[in-house]
Amino acid sequence: MGRRSADKVQFASYDDLFGKGQGEKMEDSQIIRLPLESLHPFENHPFRVLDDDKMVETVESVKKYGVLVPGIVRKDKKGGYEIVAGHRRKRASELAGCLDMPVIVRELTDDEATIIMVDSNIQREDLLPSEKAKAYRMKMEALSHQGVKGEGYTADLIGQDAEETGRTVQRYIRLTYLLPELLDHVDKKKLLLLPAEKLSYLAREEQEWVLKVIVEQNLSLSVTQAESLKDESRAGTLTEERVMMILSPREKGREMPSITISSKKIRNYFPQEYTKEQIEAVIIELLKSWKDSHGFS
């Protein structure tokens with residue numbers, strides 16, 4: 001049913017709005033130069049703009065040839081212009097000592113602008129999981145506002161543009177429900193995507209318990225452990241103690257350490273005529289009594 005509803009909705013594609021691959025649309029679009037100080041970042045822009053080696057290359061290109069591909073902007077409520085596509089070009093222009101840059105001014109709704117902003121960045125090779133997660137969620141919400149029905153179908157649409165499966169898109173979106181500190185663990189590859197997705201279903205306090213354990217004990221998290229946490233959270237049985245038991249490798253499969261007590265240390269506690277078997281029997285009996293008195297099961 002979601003597919004039929006979506007088929008009735010007409011979307012302005014990225015190519016239509018930006019002009020990519022359509023020379024006649026670019027020719028019809030008015031390119032103007034705007035002062036850099038009048039250009040503002042897209043609200044909640046999820047992508048980093050880094051002064052890295054690639055930026056150095058872009059700056060050198062701008063110095064030699066200028067900005068070859070104009071940015072896309074729209075008028076904002078501050079009296080300036082919101083950058084929809086071109087954040088890195090603006091930064092490169094600043095570093096190159098430019099005062100303005102070429103742009104195309106479009107009349108765009110919030111949803112149209114969001115889709116262009118995501119699509120113009122999502123295939124970059126250096127994206128962090130957190131960037132993908134936030135961008136996919138923003139586009140998911142924008143498409144939903146425009147009439148696409150069904151989370152699975154919408155995720156498939158997003159995946160087609162990003163060259164990923166719809167299920168992978170959904171997994172990334174789930175990361176936006178993680179604590180910022182846990183999401184940072186994903187970015188640093190200390191926490192993998194699949195277990196991180198399962199942790200996203202835990203309540204905030206439960207995630208804080210998990211974070212505390214994995215930080216204090218420097219643990220990695222398996223899919224099986226994350227699934228157990230998710231199941232107990234859903235059942236309402238997850239406690240801080242249970243988190244410790246599930247995550248700590250010492251709680252499961254721990255072997256009893258080998259212990260050797262010399263005969264000299266224990267011989268004085270037994271009559272001289274006691275055999276080895278009799279001494280062992282007494283020790284076992286005493287250990288049983290000690291165990292019962294301490295309430296060990």
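Is S93 buried or exposed? With a relative accessible area of 0%, S93 is buried (under 20% relative accessible area is buried, over 50% exposed, and anything in between partly exposed, using a 1.4 Å probe and protein chains only). Keep in mind that this is a predicted model, where local features need pLDDT of at least 70, side-chain atom pairs count only at pLDDT 80 or more, and totals for chains, interfaces and linings use all residues. Residues are numbered from 1 along each chain as its sequence is written, and side-chain values use heavy atoms, with hydrogens and water left out.

**The overall picture**

- The protein has 16 helices and five strands; these are DSSP runs numbered from the N terminus, with helices being H or I of at least four residues and strands E of at least two.
- Of its 297 residues, 40% count as buried.
- Take the contacts (heavy atoms within 4.5 Å) between residues at least 6 apart in sequence: 70% of them join residues at least 24 apart.

- S93 sits in helix 5, and once you set aside its neighbours within four places in sequence, S93 touches L36, V62, V67, C98 and M101.
- Helix 5 spans residues 87-95 and also holds E94 and R91, which are three residues apart, about one turn of the helix.
- The side chains of E94 and R91 form a salt bridge at 3.3 Å, N to O (the rule wants a side-chain nitrogen of Lys or Arg within 4 Å of a carboxyl oxygen of Asp or Glu).
- Both partners count as partly exposed: E94 has 35% relative accessibility and R91 has 26%.

**Other salt bridges**

- Side chains of opposite charge can pair when their charged atoms come close.
- The count for this model comes to 20 salt bridges.
- K132 and E164 make one of them, at 3.3 Å from N to O.
- That pair ties together distant parts of the chain, 32 residues apart: K132 is in helix 7 (residues 129-145), while E164 is in the loop between helix 8 (151-162) and helix 9 (166-174).
- K132 counts as buried because its relative accessibility is 17%, whereas E164, at 22%, is partly exposed.
- R124 and D126 also pair up through their side chains, at 3.5 Å from N to O.
- D126 has a relative accessibility of 27%, so it counts as partly exposed.

**Helix 6, mostly covered**

- Helix 6 runs over residues 110-119, and eight of its ten residues are buried.
- The buried ones are D111, A113, T114, I115, I116, M117, V118 and D119.

**Helix 10 against helix 12**

- Two packed helices are described by the angle between their axes and the distance between the axes.
- Here the axes of helix 10 (residues 180-187) and helix 12 (residues 204-216) come within 9 Å and cross at roughly 45°; axes are lines fitted to C-alpha atoms, for helices over the stretch in contact, and angles run from 0 to 180 degrees between N-to-C directions.
- The two helices are therefore oblique to each other (under 35 degrees would be roughly parallel, over 145 roughly antiparallel, 65 to 115 roughly perpendicular, and the rest is oblique).
- The crossing of helix 10 with helix 12 is left-handed, meaning that the near helix is turned anticlockwise from the far one by less than a right angle.
- Helix 10 brings E181, L182 and H185 to the contact, and helix 12 brings Q207, L211, I214 and V215.
- By type, the contact residues split into four nonpolar, two polar and one charged; Ala, Val, Leu, Ile, Met, Phe, Trp, Tyr, Cys and Pro count as nonpolar, Asp, Glu, Lys and Arg as charged, and the others, Gly among them, as polar.

- Most residues other than glycine have a negative phi.
- K189 isn't a glycine, yet has a positive phi of about 65°.
- You'll find K189 in the loop between helix 10 and helix 11 (193-199), where it counts as exposed at 71% relative accessibility.
- N218 is another non-glycine residue with a positive phi, near 50°.
- N218 lies in the loop between helix 12 and helix 13 (223-235) and is exposed, with a relative accessible area of 68%.

**E232 in helix 13**

- E232 belongs to helix 13 and counts as buried at 16% relative accessibility.
- Apart from neighbours within four places in sequence, E232 is in contact with T237, L238, R242 and I246.
- The C-alpha atoms of E232 and V243 are separated by 9.5 Å, with the two residues eleven apart along the chain.
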